[in-house]
Each structure stands twice: as C-alpha cells, then as structure tokens.
Amino acid sequence: MLNYNIKGTEVQVSDELRAYVERALAHAEKFLAGDSSAHVDVELEYSPLHDPSFAEASKDKGGKYRAEFTVSASGAIYRAEAWGSTLHEAIDLTIAELGQELRRTKDKRRHFLRRGALKVKEFVRGFRNRF
C-alpha cells in the first residue's frame, strides 16, 4: 500500500472519504508497484467562491470541490488537479488524470528500454558476423 497524507481544506475528511481515496489510489498504485519510496499527498478543498462559469471558459471543469494529488516516486513528481461539482467527481477526475500521466511515463520508460535493448542486440549481431 502507498504511503499517503490527506488534507482537507473546508472539508471534513470522514472515514468514508478516506476509504474512497484509498480505493482510487489503488488504480494509481499499479503503476508504482515495486517503489517503496512512493508517497502521495492528497488535498481536498471546498471553495464556495469558485465560479464554475469562469472555470468552464478557461477549459477547467466547473464545480466547487477541488482534489489535488501529488505523487513523489523515484525522484520524480507527478501532479494532478481537478474541480468537480461533488467531491467524489473531483477525486475521480483527478485519479483519471494522474493515471494518464503515470501511464505515459511508464510507456516512455518501456519504449526506451526496448529501444536500447534492440541497439545492443544489433551490435552483438554485427560483432558476431565479423568472425
């Protein structure tokens, strides 16, 4: 299980909300498997002054609830933030965004590993053909 901290700003962090965040983090945990140094900071906020109509104009989701996840793992920092009309919606949107970012990084790492292995294989084949 990931190490995590949950901070609520103008929001009471209940046991139900903590369990919901844990279930959501299980989705991101599969990308961080094997990294014991991974840590997640979760910030949940209710902002009654947030204007959803202005947020939609700036290509941000409207709503009064904000969820922010910051993951630090293997020296890298991944961050995702989203607004929603309910706290659960904001958490779901944020986890989807965080999952995309982690997946993109995992795919890049896998691509470079396979590409590097191909170059080594071609080098060995060329070296073997010389004799």
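A residue counts as buried when its relative accessible area is under 20%, as exposed when that area is over 50%, and as partly exposed in between. The legends below apply these terms to a predicted model.

**View 1. Overall arrangement of the predicted chain.** The secondary structure of the protein chain consists of three helices and four strands. Read from the N terminus, these elements follow the order β-α-β-α-β-β-α. Of the 131 residues in the protein chain, 31% are buried. Among the contacts with a separation of 6 or more, 53% are between residues 24 or more positions apart. The protein chain has an accessible surface of about 8,700 Å², and carbon and sulfur atoms contribute 52% of this area.

View 2. Strand E1 spans residues 3–9 and contains Ile6. With a relative accessibility of 17%, Ile6 is classed as buried, because the limit for that class is under 20%. When residues up to four places away in sequence are set aside, Ile6 touches Val13, Arg18, Val21, Val42 and Leu44. For one of these, Val42, the separation from Ile6 is 36 residues in sequence, yet the two C-alpha atoms lie 4.7 Å apart.

**View 3. The pairing of strands E3 and E4.** Strand E3 covers residues 65–73, and strand E4 covers residues 76–84. The two strands run antiparallel and are joined by nine bridges. Within this pairing, Ala67 has Ala82 of E4 as its bridge partner. Two residues separate the strands in the hairpin, where Ser74 adopts a positive phi near 55°.

View 4. Asp35 and Ser74 are 39 residues apart along the chain, and 7.2 Å separates their C-alpha atoms. Ser74 is also the residue of the E3 and E4 hairpin that takes a positive phi.

View 5. Arg66 is located in strand E3. Its relative accessibility is 7%, so Arg66 counts as buried. The side chain of Arg66 makes a polar contact of 3.0 Å with that of Glu43 and another of 2.6 Å with that of Glu45. Beyond residues up to four places away in sequence, Arg66 touches Glu43, Leu44, Glu45, Glu81, Ala82, Trp83, Leu87 and Ala90. Arg66 and Glu45 also form a salt bridge, in which the closest N and O atoms are 2.6 Å apart. Because Glu45 lies in strand E2 (residues 39–46) and Arg66 in strand E3, this pair ties together parts that are 21 residues apart in sequence. Glu45 is itself buried, with a relative accessible area of 17%.

View 6. The side chains of Glu68 and Arg79 form a salt bridge with an N to O distance of 3.5 Å. This pair links distant parts of the chain, with Glu68 in strand E3 and Arg79 in strand E4, 11 residues apart. Arg79 also meets Glu81 in a salt bridge, with 2.9 Å from N to O. Glu68 has a relative accessible area of 13% and is therefore buried. Arg79, at 41%, is partly exposed. Glu81 likewise counts as partly exposed, with a relative accessibility of 28%.

**View 7. The network of salt bridges.** Six salt bridges are found in a search of the whole structure. A network of such bridges links Glu43, Glu45, Arg66, Glu68, Arg79 and Glu81. Its members include the buried residues Glu45, Arg66 and Glu68, together with the partly exposed Arg79 and Glu81.

View 8. Val120, Phe123 and Val124 make up a nonpolar surface patch of about 320 Å². One of these residues, Val120, is found in helix H3, which spans residues 87–129.

Notes
Residues are numbered from 1 along each chain as its sequence is written. This is a predicted model: local features need pLDDT of at least 70, side-chain atom pairs count only at pLDDT 80 or more; totals for chains, interfaces and linings use all residues. Side-chain values use heavy atoms; hydrogens and water are left out. Patches are made of residues with over 30% relative accessible area and no salt bridge: like charges are joined within 9 Å, nonpolar side chains (Val, Leu, Ile, Met, Phe, Trp, Tyr) within 5 Å. Accessible areas come from the Shrake-Rupley method with a 1.4 Å probe; for residues, only the protein chains shown count as cover. A salt bridge is a side-chain nitrogen of Lys or Arg within 4 Å of a carboxyl oxygen of Asp or Glu. Buried means under 20% relative accessible area, exposed over 50%, partly exposed in between (1.4 Å probe, protein chains only). A polar contact is a pair of N or O atoms within 3.5 Å; within protein, one must be able to donate a hydrogen and the other to accept it, and residues adjacent in sequence count only if both atoms are side-chain atoms. Contact means heavy atoms within 4.5 Å. Two strands pair if DSSP finds at least two bridges between them.
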